[in-house]
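This report covers a sheet and a pocket.

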Amino acid sequence: MSAPRPGGKVWNGAALADVLVSDNVPRPRLLAEHIWGDTPAFQALMWERMKGTAVSATPGLTAPAKNDAQWWTDLRHALTTLETVPAPADRQVFSQAFIHRIPNHLPEIAEAGVDLNVGTWVASHGDLHWANLTRDPLMILDWEGWGLAPLGYDAAVLHAYALPEPETAVEVREVFADVLNTDAGRLAHLVICAEIIQAAERDSLHARLAPYARRFATEVLTAQ
């Protein structure tokens with residue numbers, strides 16, 4: 001990758017994850033890093049070869065994800081372990097200020113008077129969609145954007161990108177019910193739904209997902 005200068009969240013993300021995130025969170029090992037240049041700067045990372053097969057070729061599902069019970073157990077364990085990682089306080093997937101702006105994309109949130117203040121921030125992958133997960137074995141890919149996010153955000157992202165395939169969406173809700181069916185989980189859901197709606201203006205993937213996200217956000221707000 002290139003950047004105007006070395007450093008920053010994305011630039012440092014993969015190497016920092018390699019140091020701080022437990023080996024109990026399955027992911028490709030970072031084998032080497034090489035940096036050259038100054039303005040602009042360039043970075044090359046070498047990873048071990050991915051052992052498994054991506055669950056989906058695209059972030060949003062276009063067919064049910066056929067994962068067995070052990071896969072779901074392993075994923076749940078991985079994300080629970082990740083939450084305990086001491087992520088630097090200034091390393092956030094997004095800020096509280098961003099969350100206060102999500103009613104710009106879902107005005108119903110303001111009308112419902114939802115408390116948008118995050119109670120618990122935990123270390124999170126931050127981009128846990130279906131193209132970033134493998135099976136046989138489970139691995140979690142693409143760590144450049146990880147950091148602190150609201151409790152339940154990773155599970156909410158996975159659920160939101162499964163909405164076009166109700167069978168898999170139900171599985172996500174069942175596996176992560178203890179967090180998604182809480183106030184924290186509902187806020188995490190509203191955040192990712194607003195993000196999808198915002199991104200729908202930029203690409204066809206999120207344009208396809210946006211009606212599902214808007215419909216599910218309405219369900220969340222109705223259940224408040």
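In this predicted model, threonine 53 stands opposite arginine 135 of strand β6. The pair belongs to the contact between β4 and β6 (residues 133-135), two strands that run antiparallel and are joined over two bridges.

These strands are part of an open sheet of three strands, in the order β4-β6-β7, with antiparallel pairing. Because β4 (53-54) and β7 (139-140) are at the edges, each with a single partner strand, one side of each is left without a neighbour in the sheet. Strands of a sheet pair through backbone hydrogen bonds, in either the parallel or the antiparallel sense.

A helix also packs on this sheet: α2 (residues 69-82) touches β6 and β7. The direction of α2 makes about 145 degrees with that of β6.

The second topic is the largest pocket, with a volume of about 260 Å³. Its lining is made up of 17 residues, and those nearest the centre of the pocket are Tyr153, Tyr161, Ile192, Glu195 and His206. Two elements, α5 (153-160) and α8 (183-199), each give two or more residues to this lining. Of these, α8 gives the most to the lining, with five residues.

| Class of lining residue | Number of residues |
|---|---|
| Nonpolar | 10 residues |
| Polar | four residues |

Terms used. Residues are numbered from 1 along each chain as its sequence is written. This is a predicted model: local features need pLDDT of at least 70, side-chain atom pairs count only at pLDDT 80 or more; totals for chains, interfaces and linings use all residues. Side-chain values use heavy atoms; hydrogens and water are left out. On a 1 Å grid over the protein atoms alone, a cavity is a set of points where a 1.4 Å probe fits but cannot get out, and a pocket is an open set with protein on both sides within 12 Å along at least five of seven lines; lining residues have an atom within 4 Å of a point. Grid points are joined across faces, edges and corners, and a volume is the space filled by probe spheres set on the points. Helices (H or I, at least four residues) and strands (E, at least two) are DSSP runs, numbered from the N terminus. Ala, Val, Leu, Ile, Met, Phe, Trp, Tyr, Cys and Pro count as nonpolar, Asp, Glu, Lys and Arg as charged, and the others, Gly among them, as polar. Two strands pair if DSSP finds at least two bridges between them. Contact means heavy atoms within 4.5 Å. Axes are lines fitted to C-alpha atoms, for helices over the stretch in contact, and angles run from 0 to 180 degrees between N-to-C directions.
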